[in-house]
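How do two packed helices get described? By the angle between their axes and the distance between the axes. Please keep that in mind for the report below.

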Amino acid sequence: MKDMPRNEPRNEWQTRYELIDPALRLRGWDETNYRVEVTSGGIKVIDGKASRRKGRTDYLLRLEVSKDTQPVAIALIEAKAESKPPGFGLSQGKRDGDCDRLNVKFIFSSNGHQFVEYDKFTGLTSQPKLMSEFPTTAELRRRYENGMGFSLESEAAKPLLVRYAGGESQRRYYQDAAIRAVFEKIAQGHRRALLSLATGAGKTFIAVNMLKHIADVGQLRKALFLCDRDELRTQAVTAFQNKFGANAAPVEKGNPQKNAKVIIATYQSLGISKDDDDASFLMENYPENYFSHIVIDECHRSAWGKWSQSLIRNSDAIQIGLTATPRQLSIKDHSKEAEADRKITADNLSYFGEPVYEYTMSQAIEDGYLAACEIRRGSVNLDDTGITYEEVMKHNPRNYITGEPVTEEKLKELYEKTDYESRIMLPDRVIAMCANLFQHLARTGTPEQKTIIFCVRDIHAEIVANEMNNLYSMWCDTNGRRRANNYAFKCTAESKGGEYVADMKGSNSDYFVAATVDLLSTGVDIPAVRNIVFFRYMSSPISFHQMVGRGTRLADNKLMFTIYDYTDATRLFGEDFISEPREAREACGGCESSDPPVIIRADGFEAEVSEVGRYIVIEENGQHKRVSIEEYKQGLARLLLASTSTLDEFRAKWIVQAKRSGMLQDIVHSGYSPELVRQIESMTDYDLYDVLADIAYGIAPRKRADRALSFSYKQRSWLDTTPDQTKAVILAIVAQFGREGSDALESQQLFNVAAIQEAGGLGALIWNGDPRELLAETKKRLFAA
């Protein structure tokens with residue numbers, strides 16, 4: 001397209017390359033100071049194949065202390081079209097929280113002629129200035145160092161300047177931002193830092209590279225990476241050994257690995273996982289201040305054990321906490337020991353301070369690094385009404401283990417109104433919930449989808465796994481399908497379910513449905529999981545978010561995941577991460593525990609599941625929030641109609657790339673995602689034009705291919721007024737829209753598409769003047785067809 005003549009103001013891309021870059025070079029910013037960060041981009045489906053839509057592009061300025069050091073990002077430039085006011089992009093950048101998202105201290109907006117600056121240190125926004133007055137590298141470095149309180153050439157800042165081993169292509173923008181944020185805090189003289197990143201965002205990558213940078217400048221004596229599950233330790237060992245080789249080693253029974261520079265341990269392997277552990281292994285093998293650096297993975301679990309000893313005994317160490325759920329702890333026990341624990345580890349925010357960097361699930365979904373989430377809520381009639389103990393007595397209650405009848409007195413002693421599957425086992429309720437879930441799985445493709453069901457207790461998980469296997473066997477018989485050897489299985493600590501994790505992760509032909517309690521709630525990486533199911537009541541936002549995180553990872557052909565919520569657990573989206581100490585936790589929501597001495601079984605209840613609705617998760621005022629899909633679409637419609645009141649006005653904006661981009665940006669900045677609606681409504685064969693026009697203006701949506709086909713015959717009279725070669729090129733361009741959608745019509749590579757070149761290419765459109773006018777007319781007619 002750049003071969004076409006330009007007789008209008010430069011667009012954003014042209015403004016950047018033709019005006020802003022040359023002006024910056026004159027002020028001392030060369031190619032070593034630029035970094036273009038492009039996000040992965042959300043996912044779209046073309047011709048049945050998944051591909052990325054264009055990601056967001058951020059234009060960063062970085063300081064290079066010397067040719068051998070890693071440049072440090074300090075500023076973002078918002079390049080806007082030449083015709084826009086110079087500060088046009090500044091409110092967008094400030095509104096998006098780009099300073100925090102990218103961890104930069106300055107934002108500049110420019111139309112190529114003038115610029116406006118926002119300084120995060122002072123909170124001030126400048127008046128427009130000529131590009132000839134843009135700060136030089138020396139000026140901006142001085143302002144950065146003054147604002148941060150350290151020199152980039154100081155000993156404390158050295159880790160900031162270490163290059164990534166293997167180059168920067170392996171890291172994502174937010175991982176670099178997080179690493180820099182930690183190093184900046186350490187360089188300011190602090191010894192503790194907290195990072196909060198969505199599950200699946202790569203916290204282990206961050207930990208490995210932080211410690212590698214510190215080691216490369218000779219500041220790492222011994223490091224401890226501490227996690228709470230064997231599976232997490234196994235994953236961490238692989239990652240650390242890729243960078244440190246034999247200098248990274250896991251602590252195993254009886255082997256403290258004191259020769260290694262980086263020691264990877266679980267709380268259990270150090271003897272500090274339980275309240276009654278004496279920390280003898282830690283104390284006998286690692287003297288006080290043995291470690292110079294400690295990284296605590298999943299540090300939100302701090303209140304559940306005695307691992308504060310690892311921090312207490314290494315008070316001089318740099319201590320870094322990693323979590324997806326920073327937690328404030330509510331302490332009711334004011335004993336001396338409890339108060340000590342509270343001061344050391346219980347409250348992440350008071351111990352580590354506010355997170356130096358945060359990367360939320362919503363941001364990760366928007367960036368295309370995590371799968372989007374849909375919620376399907378179901379309600380069980382017995383849960384809505386509750387059942388009285390008199391009703392339980394009428395159904396012949398028995399001891400689940402012995403089969404002996406339960407007396408009225410014993411039932412009164414144990415009974416709670418909705419204590420289902422914790423103390424009162426209602427097989428009819430389990431059967432109804434499993435049947436409803438299985439129907440959903442079958443309707444959404446196949447029951448053979450990787451699914452995690454969170455249950456109340458070990459026995460409950462066993463019954464659920466058995467019932468799902470029964471439903472699967474009947475489905476296979478009905479549909480003439482061969483049964484998988486292991487479809488549903490119990491995956492709990494008591495059943496040594498951890499042994500099945502690798503099977504679920506690695507097999508495409510079995511181990512589809514895991515019924516668990518807490519074993520799969522944190523840290524286990526199974527990207528293929530498509531469904532998270534709550535058969536248990538939840539009250540802890542921390543546990544809930546960790547469980548949801550099991551579904552967020554992307555995988556081949558996995559664009560999103562579904563939460564099936566039968567207990568209103570998803571109400572916890574948006575709740576503060578405040579929880580009680582261990583002794584105050586609910587019986588069914590804490591650590592995986594043994595089944596109680598008496599579990600009552602009562603049969604013969606009429607259990608039914610009703611559909612409550614479909615929901616999605618949005619971010620509002622910095623918190624996640626559950627909203628119904630209809631409510632979401634209504635809000636999106638109101639937003640569109642407020643700015644573009646008619647379909648004709650919407651169409652006129654849509655066919656102009658700059659106006660369309662601006663309109664879509666405004667929608668996204670207002671908290672809505674048209675792409676998310678397209679995925680949830682299974683409209684991946686439709687252009688966003690049809691998705692939005694359907695929502696806001698009520699037109700019948702048409703698939704891209706149908707719209708392209710309709711154009712070919714509805715516009716035949718107009719096409720016949722053009723030469724045959726021109727007509728062929730127009731039809732080839734419209735066919736390209738049918739495959740890839742609106743963005744294809746303005747792609748820089750449009751005239752490099754083989755079918756368009758073969759039809760005659762750009763030259764065939766110049767027969768009657770400016771080809772852009774012909775393209776504009778084509779788009780106008782395409783969307784009117």
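**Overall**

This is a predicted model. The protein has 785 residues, and 56% of them are buried. Its secondary structure comes to 29 helices and 29 strands. Take the contacts between residues at least 6 apart in sequence: 71% of these join residues at least 24 apart. The protein exposes about 33200 Å², with 46% supplied by carbon and sulfur atoms.

The table sets out the geometry of each pair.

| Pair | Residues | Axes come within | Crossing angle |
|---|---|---|---|
| H16 and H17 | 427-443 and 458-479 | 10 Å | roughly 50° |
| H25 and H27 | 704-714 and 724-740 | 7 Å | roughly 160° |

Start with H16 and H17. Their axes cross at roughly 50°. That angle makes H16 oblique to H17. The crossing is right-handed.

Which residues of H16 meet H17? On the H16 side they are Val 430, Ile 431, Cys 434, Ala 435, Leu 437, Phe 438, Leu 441 and Ala 442. H17 answers with His 460, Ile 463, Val 464, Glu 467, Met 468, Leu 471, Tyr 472 and Trp 475. By class, this contact of H16 with H17 holds 14 nonpolar residues, one polar and one charged.

Now H25 and H27. Their axes cross at roughly 160°. The two helices are therefore roughly antiparallel to each other, as angles over 145 degrees count as such. The crossing of H25 and H27 is right-handed.

H25 makes the contact through Arg 704, Ala 705, Arg 707, Ala 708, Phe 711 and Ser 712. H27 brings Ile 730, Leu 731, Val 734, Phe 737, Gly 738, Arg 739 and Glu 740. Seven residues in the contact of H25 with H27 are nonpolar, two are polar and four are charged.

Asp 724 lies in helix H27. Is Asp 724 buried or exposed? Its relative accessible area is 63%. Exposed means over 50%, so Asp 724 is exposed.

Ala 764 is 40 residues apart from Asp 724 along the chain. The C-alpha atoms of Asp 724 and Ala 764 are separated by 9.2 Å.

Methods. Residues are numbered from 1 along each chain as its sequence is written. This is a predicted model: local features need pLDDT of at least 70, side-chain atom pairs count only at pLDDT 80 or more; totals for chains, interfaces and linings use all residues. Side-chain values use heavy atoms; hydrogens and water are left out. Axes are lines fitted to C-alpha atoms, for helices over the stretch in contact, and angles run from 0 to 180 degrees between N-to-C directions. Helices (H or I, at least four residues) and strands (E, at least two) are DSSP runs, numbered from the N terminus. Angles under 35 degrees count as roughly parallel, over 145 as roughly antiparallel, 65 to 115 as roughly perpendicular and the rest as oblique. A crossing is left-handed if the near helix is turned anticlockwise from the far one by less than a right angle, and right-handed if clockwise. Contact means heavy atoms within 4.5 Å. Ala, Val, Leu, Ile, Met, Phe, Trp, Tyr, Cys and Pro count as nonpolar, Asp, Glu, Lys and Arg as charged, and the others, Gly among them, as polar. Buried means under 20% relative accessible area, exposed over 50%, partly exposed in between (1.4 Å probe, protein chains only). Accessible areas come from the Shrake-Rupley method with a 1.4 Å probe; for residues, only the protein chains shown count as cover.
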